Amino acid sequence: MALYRSHVLVCGGTGCNSSKSDMIRQRFEEKIIEMGLDKEVQVISTGCFGLCEEGPIVVIYPEGAFYSRMKIDRVDRIVEEHLFKGRIVKEYLYEESLDKDKLKSLNEVDFYSKQKRVALRNCGVINPEDISEYIARDGYLALGKVLTEMTPVDVIQVMKDSGLRGRGGGGFHTGLKWGFAAPNQADQKYVICNADEGDPGAFMDRSVLEGDPHAVLEAMAIAGYAIGATKGFIYVRAEYPIAVKRLEIAIGQAKEMGLLGKNIFDSGFDFEIEIRLGAGAFVCGEETALIASIEGQRGMPRNKPPFPAIKGLFGKPTIINNVETLANVPQIIINGADWFRSFGSEKSPGTKVFALGGKINNTGLVEIPMGTTLREVIYDIGGGCPNGKAFKAVQTGGPSGGCITADYIDTKIDFDTLTDLGSMMGSGGMIVMDEDNCMVDIARFFLEFTVEESCGKCTPCREGTKRMLEILDLITQGKATLEDLDKLEKLAINIKNTALCGLGQTAPNPVLSTMRYFREEYEAHVLEKRCPAGVCKSLLSYYITEDCRGCTKCAKQCPVNCIEGSVKKLHIIDQDKCIKCGACMEACPFDSIIIK
Amino acid sequence: MKTLDELKKIREDAKKNLELRNTDKTIRVVVGMATCGISAGARPVLQTFVEEVSKRKLHNVQVVQTGCIGMCTYEPIVEITMPNEEKVTYVFMDTDKVKKVVSDHLVNGRVVVDYTIGALK
Ligand SMILES: Cc1cc2nc3c(=O)[nH]c(=O)nc-3n(C[C@H](O)[C@H](O)[C@H](O)COP(=O)(O)O)c2cc1C
């Protein structure tokens, strides 16, 4: 193997890739050849580093220099200065990674220092398209250990002892699930990896698949051995082309090395994995709908029981686990259940990956021990709300979850604490809201999503969520009454209790939780016809103040000609005709147009 | 893949390459690589350090380059820092000297006084 003196790691995750990190990598490769350094410096495309806000990201070793917001035209200078002459180009570095003139190591940077990386341990560290880099980081050691030194019963016991709970949203104990499927006799059993990841704003599973695909393959084989399955499927949405490509490469390499296929580690155990592409319907993330989709049926859920562990794919015993859940498995096998329990909380051991988004400075992916407080995540890691705005609430659990207000910001995050607050962990989306967000509008956003994604099989979800959305529309238009608020609440509770699957059962959560914590905001819309955050368009009016100099710019911009006034005279907006597009406000050079 | 040992052997080999990405090492070898250093032959000096350190599995040694150290006539210059010890500066380095410095200084902790800047005077 050729030995390089320097490695250039370019983030090849979907986020950085969409800001042209592939072209940045290409330019590095070209320039390095031009300078005759190609035998000394290796360029590698990795998975996500997590700090997506600062992307595209390039890290150069051995120094560990963290270049952020990279641009193609910065590459040449970095090659000439840093790689050729050994002078780090400080002005291109991520500011936080410099302590005066000294380079901090990555785990000293605020964004990373409170994180604990288990599921993401290899993301941004290895080349996901090279199995030897995974092996160098103890890859497939857990599978080897399981196949040569442990019985299936032992494996399930370790999983039970670890207390690992499903990261796909439900939080069900993984060891228990495997234990249900193992004793069932059948000519064929299956292991399914759920990589559907439908929550808007969530991208942890994508990042694991893009940055460390072998961890998922290894875990699936371990699960197969534990329950007696020889076949696995990965159900991944077609919108994740990079993840799919890396999975395909990984499966090919694992087969070639005999880490998948027949008689692995000479143990007599066979395991193969196939990829199935989903079309991106949210409901197909629900396990019974997902199974139907793999079978070639329409992706609709069915009643449980029977649970998949008894009657799953093609009617055979099946376990289905989330990507992040699986990514923890090899680590638990290697380091033991006690190690896993040594971080996290009593009832939710280990870590959880969250996708931080919304009104937050450091948008990105963070992995924290369970039991970390919301405050630490939002302020210490996330850097707080931008522009000094006040934090208002954080929405967790996506369309199935709810919001948590500033009063509860010192809550220690785990499965149970979030549920107690009327929200949930979900898959780990975390959307931060500041004073400029209208909570009715947020609830409406998520409900609109579930209405669109409802599969239509059961009436409460198909009809009920639509009626809820209609009431929300009335509220945001200032046309609702207090009775409508009661109706909304009643309907929400009914749907929760009667819908067929988790989609409908949780769809009312965003509405219920915002009504619980921000009742006064709902009432302001209804009683005063006012949107306190100034978001709901129908309730806004644009006015021209005395500061108007009569320049006529606004009137010229107005697309519906509703601004009256002559040169050097105060202008007036005709409220009946105004469509509230805001064009006048942008055009006014004297800031004399205000929203009320 | 037949045995765990087979996998471990592959791992040891593969690890050599990834060692480079560990930034927690406490011994630093710094090679001056400005124009002056490069023209005096710093490039093979650096590469030899990388190879020797890997061959001898010195997991705690980080080999990095730096810009001009400011004594261009003595290039190639190499500085070695060990925890709690004073920095040692080697001058007029070449690949043979590198091998000796690795085995004497990095492995056995004995500074090769003859190659140091102190020996010049
Ligand atoms: C509407 C709906 C969507 C879901 N989407 C996902 C998903 O995208 N990914 C996922 O892993 N689990 C999803 N789930 C949960 C799965 O049904 C299942 O519980 C999970 O895959 C089990 O894996 P785990 O125990 O490892 O979490 C969804 C559930 C519902 C009700």
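**View 1. How much surface goes under between the chains.** Chain B and chain A bury about 3,300 Å² between them, with carbon and sulfur atoms giving 61% of that; buried area here is the accessible area (1.4 Å probe) lost when two parts are put together, summed over both. On the chain B side, Met1(B), Leu20(B) and Arg21(B) lose the most area to chain A, together 22% of what that side buries. The model is predicted, so local features need pLDDT of at least 70 and side-chain atom pairs need 80 or more, while totals for chains, interfaces and linings use all residues. Residues count from 1 along each chain as written, chains are lettered from A and ligands numbered from 1 in written order, and side-chain values use heavy atoms, leaving out hydrogens and water.

**View 2. Who touches whom.** In contact (heavy atoms within 4.5 Å) are 33 residues of chain B and 47 residues of chain A. There are 3 salt bridges across the interface, a salt bridge being a side-chain nitrogen of Lys or Arg within 4 Å of a carboxyl oxygen of Asp or Glu. Glu133(A) and Arg21(B) pair up through their side chains in a salt bridge, at 2.9 Å from N to O. As for elements (DSSP runs numbered from the N terminus: helices are H or I, at least four residues; strands are E, at least two), α1 (4–18), α2 (35–39), α3 (42–55) and β2 (61–66) of chain B each put at least two residues into the side touching chain A. The top contributor there is α1(B), with 11 residues.

**View 3. The largest pocket.** This one has a volume of about 1,200 Å³, taken as the space filled by probe spheres set on grid points joined across faces, edges and corners. A pocket is an open set of points on a 1 Å grid over the protein atoms alone where a 1.4 Å probe fits, with protein on both sides within 12 Å along at least five of seven lines; lining residues have an atom within 4 Å of a point. Of its 46 lining residues, Gly168(A), Gly170(A), Gly285(A), Glu286(A) and Glu287(A) sit closest to the centre. β11(A) gives the most to this lining, with 5 residues.

**View 4. The second largest pocket.** Here the volume is about 940 Å³. Of the 26 lining residues, those closest to the centre are Asn107(A), Arg121(A), Val125(A), Arg137(A) and Arg21(B). Two or more lining residues each come from α4 (110–113) of chain A and α1 of chain B.
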